[in-house]
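The structure is shown first, and the computed features follow.

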Amino acid sequence: MATACLGGFPAAISALAQSNVESSQQAAMEDYIKSLKASEKVLKRPIILVIDEMHLLSKPQLEALKTTLDSKNGVLFLGATTHNEYGLMIGRNSALERRFQPIQVPEFSKQETKQVLKETIVPLLESKYGGKNGPGKITDEAIDAAIDHSREYSPNSARPEGPFKLLQDAMIRA
């Protein structure tokens, strides 16, 4: 049912993914945003566009976003990136910088990471990789080791992502 509300959404996403010429990248992003706006009208509520790894957007795609961020009827937008990448991508473009409000999200503590892993990630990993012949259960010791050693194996990943990657790799290989 939700797909019916999205109109040209799948086509816009496909065009966005396949665009590789700068002019087509900007046009594809503009079409994607138009699809979002049309979907908002059908759904009669705002849509929030979330882009993880926002620094991977091309300059033409950012230009298309800049246009929608100017509009009073623009799509609500949340982009996630690192502090360094934000500085390189947004901080050097004063027009884009005026349109964004940076929100610093501190890295999780070891205790917070352990809680998130135990309550959400570990059960998912155990159900996905711990089947009939799988390793089964992830112990507290394994969680602690993943938290303590994740920087060695994933130096660019903050908590809880680094320990999650380590636990996932261990479950896959076990």
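## Terms and model

A residue is called buried under 20% relative accessible area, exposed over 50% and partly exposed in between, with a 1.4 Å probe and protein chains only. By that definition, the buried residues of α8 are Ile143, Ala146, Ile147 and Ser150.

The model is predicted: local features need pLDDT of at least 70, side-chain atom pairs count only at pLDDT 80 or more, and totals for chains, interfaces and linings use all residues. Residues are numbered from 1 along each chain as its sequence is written, and side-chain values use heavy atoms, with hydrogens and water left out.

## Overall fold

The protein has nine helices and two strands, where helices (H or I, at least four residues) and strands (E, at least two) are DSSP runs numbered from the N terminus. Along the sequence the pattern reads α-α-α-β-α-β-α-α-α-α-α.

Of the 174 residues, 31% count as buried. The accessible surface comes to about 11,600 Å², and 54% of it belongs to carbon and sulfur atoms; areas come from the Shrake-Rupley method with a 1.4 Å probe, and for residues only the protein chains shown count as cover. Among contacts (heavy atoms within 4.5 Å) with a separation of 6 or more, 64% are between residues 24 or more positions apart.

## Nonpolar cores

A nonpolar core is a set of buried Ala, Val, Leu, Ile, Met, Phe, Trp, Tyr and Cys residues joined through side-chain atoms within 4.5 Å. The largest one holds 19 residues, and Leu49, Met54 and Leu65 have the most contacts inside it. At least two residues of this core come from each of α3 (22–43), β1 (48–51), α4 (59–70) and α5 (83–89). The greatest contribution is that of α3, with four residues.

Leaving aside residues up to four places away in sequence, Met54 touches Phe77, Gly79, Ala80, Thr81, Met89, Ile90 and Phe100. Another core, of 10 residues, lies apart from the largest one and includes Leu117, Leu125, Ile138 and Met171.

## The aromatic pair

A search of the whole structure finds one aromatic pair. Rings of Phe, Tyr and Trp (its six-membered ring) pair if their centres lie within 6.5 Å; planes under 30 degrees apart count as stacked, over 60 as edge-to-face and the rest as tilted. Phe77 and Phe100 form an edge-to-face pair, 5.6 Å centre to centre with 65° between the planes. Phe77 lies in β2 (76–79) and Phe100 in the loop between α6 (94–99) and α7, so the pair ties together parts 23 residues apart in sequence.

Phe77 counts as buried because its relative accessibility is 17%. Phe100, at 15%, also counts as buried.

## Helix α8

Helix α8 (residues 140–153) has 14 residues and should span 20 Å at 1.5 Å a residue; its end C-alpha atoms are 19 Å apart, which agrees. The expected span is 1.5 Å times one less than the number of residues.

A kink of about 40° is centred on Ile147; the bend at a residue is the angle between axes fitted to the seven residues ending there and the seven starting there. The buried residues of α8 pack against α7 (110–129) and α9 (161–173).

## Backbone details

Arg159 and Pro160 are joined by a cis peptide bond, with omega about 5°. Pro160 sits in the loop between α8 and α9.

Lys44, in the loop between α3 and β1, has a positive phi near 60° and counts as exposed at 74% relative accessibility. Glu53 has a positive phi of about 55°; this residue is in the loop between β1 and α4 and counts as partly exposed at 36% relative accessibility.
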